[in-house]
Amino acid sequence: MGGMPTLKLYNTLTREKADFRPIDPENVRMYVCGPTVYDYAHIGNARPNIVFDVLFRLLRLVYGANHVTYVRNITDVDDKINARALRDYPGLPLNEAIRRVTEKTETQFLEDVATLGCVDPDVQPRATENIAQMIEIIEKLIAKGHAYQAAGEVLFDTKSMADYGELSKRNLDEQQAGARIAVDAHKKNPGDFVLWKLSEDDEPGWESPWGRGRPGWHIECSAMSGRYLGEVFDIHGGGLDLIFPHHENEIAQSRCAHGTEVMANVWMHNGFLQVEGRKMSKSEGNFVTIYELLHTEKFGGRKWPGEVLRLAMLMTHYREPIDFSIKRLEEAEHLLSKWPVPGEAADEPDPAVVAALADDLNTVAAVQALHALAQKASVDSRQAGVFAASAALLGVAPKEIELDEAVVHEIDERVRARLELIRAKNFAEADSIRDDLQARGIQLKDGKDPETGERVTTWEVKRSQT
């Protein structure tokens, strides 16, 4: 793309914003932690998926669609999954019950994020399909003196890594000195974490050199990122809550197993999400899933379109905390109502939109630039194409509202009835039909047939009532 600004990204590892320099511009590689599929994804899960989808789109624009590899994993082995399987399918063998839980929730997650406008990553590996890779890494860690067996577990020895805690800036010696940290009797150090644990007969398990068992949480991402992106790759993303312990421990495993200076060059984290000013939790009564927002009236007494949810997320910078509220959704919907439905896209998006995104994904400035462009697009066909390309880069734009045939037929009949009333000079009844349709979001436009001069009425669906 001509005149493309240099991409700058904030790196949690260095605490600095710097120019992005891929290891190989022919294959820019990004890994993002995906869902644990034991239950429907909540709205907090939506944020990293939307944020890193925008980054994926931007990287594809800059380096070419065939020169970016995006991996987002599926965690389908987890104690929460086991508990949910036993609860929901008590009469089935555990492995069958687990499969039913994970397949259902994974399918729903993929449908939810697609409705939010997220494109599919290049690879979506499942943890259970990468057990051999996890065992291989654990074997390397034991051989190099970074892991040990104790009490039916294989644990990572955090003391064996001189700069453990570099990502989170947590000092291991300070942690050990604190009286609040409980130390399991079999651990050498308080911060040591599980790589592999033995399974009971009624728990899922795989054969390993240490007995039938299952992996710890952190090892799966080291295995999957290494398998699909290599020992060192460009960008690792996820939520702020994953910095410690998950991402810290991923780094420890991968670096110590492979003998590398880094696992990923750039670490990116999106900020926390609150709902109506409070931390989201079931005990607070404000826990809401993506599915509920899209398909039920739980939040604000109505359903919310995917493009509205996405825009509401992008109206806050990804590193800032976000207050997810009805007011914010209404603001996003109102903004969308002023934008045209995109037609055919131009070859390149608006430079102002691109420049904003190139500055550490400044979606706030990008949305502002897109809004300014939308005003021009309504009167300038060339700008309409640029608007379409820019909206596609952000993955957010208003959509045509589709009505089923029965509704369309009913509206047509009422429009015809209104014309008859006007011809009969029964304006009160005609106005009543117009007002009723308008209340349902149907906008009437009166005019004249250019050939016959007769009065005609067309109608369209308004995208927003706000």
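User: How much space lies in the largest pocket?
Analyst: About 1200 Å³. As a general idea, rolling a probe the size of a water molecule over the atoms shows where empty space is left. On a 1 Å grid over the protein atoms alone, a pocket is an open set of points with protein on both sides within 12 Å along at least five of seven lines, while a cavity is a set where a 1.4 Å probe fits but cannot get out. Points are joined across faces, edges and corners, and the volume is the space filled by probe spheres set on them.
Bear in mind that this is a predicted model: local features need pLDDT of at least 70, side-chain atom pairs count only at pLDDT 80 or more, and totals for chains, interfaces and linings use all residues. Residues are numbered from 1 along each chain as its sequence is written, and side-chain values use heavy atoms, leaving out hydrogens and water.

User: How many residues line the largest pocket, and which lie nearest its centre?
Analyst: Lining residues have an atom within 4 Å of a point. Here there are 38, with His 42, Gly 44, Asn 45, Asp 241 and Leu 242 nearest the centre.

User: Which element gives the largest share of that pocket's lining?
Analyst: H1, with four residues. Helices (H or I, at least four residues) and strands (E, at least two) are DSSP runs, numbered from the N terminus. Helix H1 (43-63), helix H6 (219-229), strand S9 (233-239) and strand S11 (273-275) each supply at least two lining residues.

User: How do the residues of the pocket lining divide by class?
Analyst: Ala, Val, Leu, Ile, Met, Phe, Trp, Tyr, Cys and Pro count as nonpolar, Asp, Glu, Lys and Arg as charged, and the others, Gly among them, as polar. This pocket's lining has 17 nonpolar, 14 polar and seven charged residues.

User: And how many cavities of 30 Å³ or more are there?
Analyst: One. The largest cavity holds about 50 Å³ of space. Its lining residues include Arg 47, Val 51, Val 54, Met 313 and Leu 314. H1 and helix H9 (306-314) are the elements that give two or more residues to this lining, and H1 has the largest share, three. By class, the cavity lining has six nonpolar, two polar and one charged residues.

User: What share of the whole chain is buried?
Analyst: Buried means under 20% relative accessible area, with a 1.4 Å probe and protein chains only. Of the 466 residues in the protein chain, 48% are buried.

Notes
Buried < 20%, exposed > 50% of the residue type's maximum accessible area, 1.4 Å probe, protein only.
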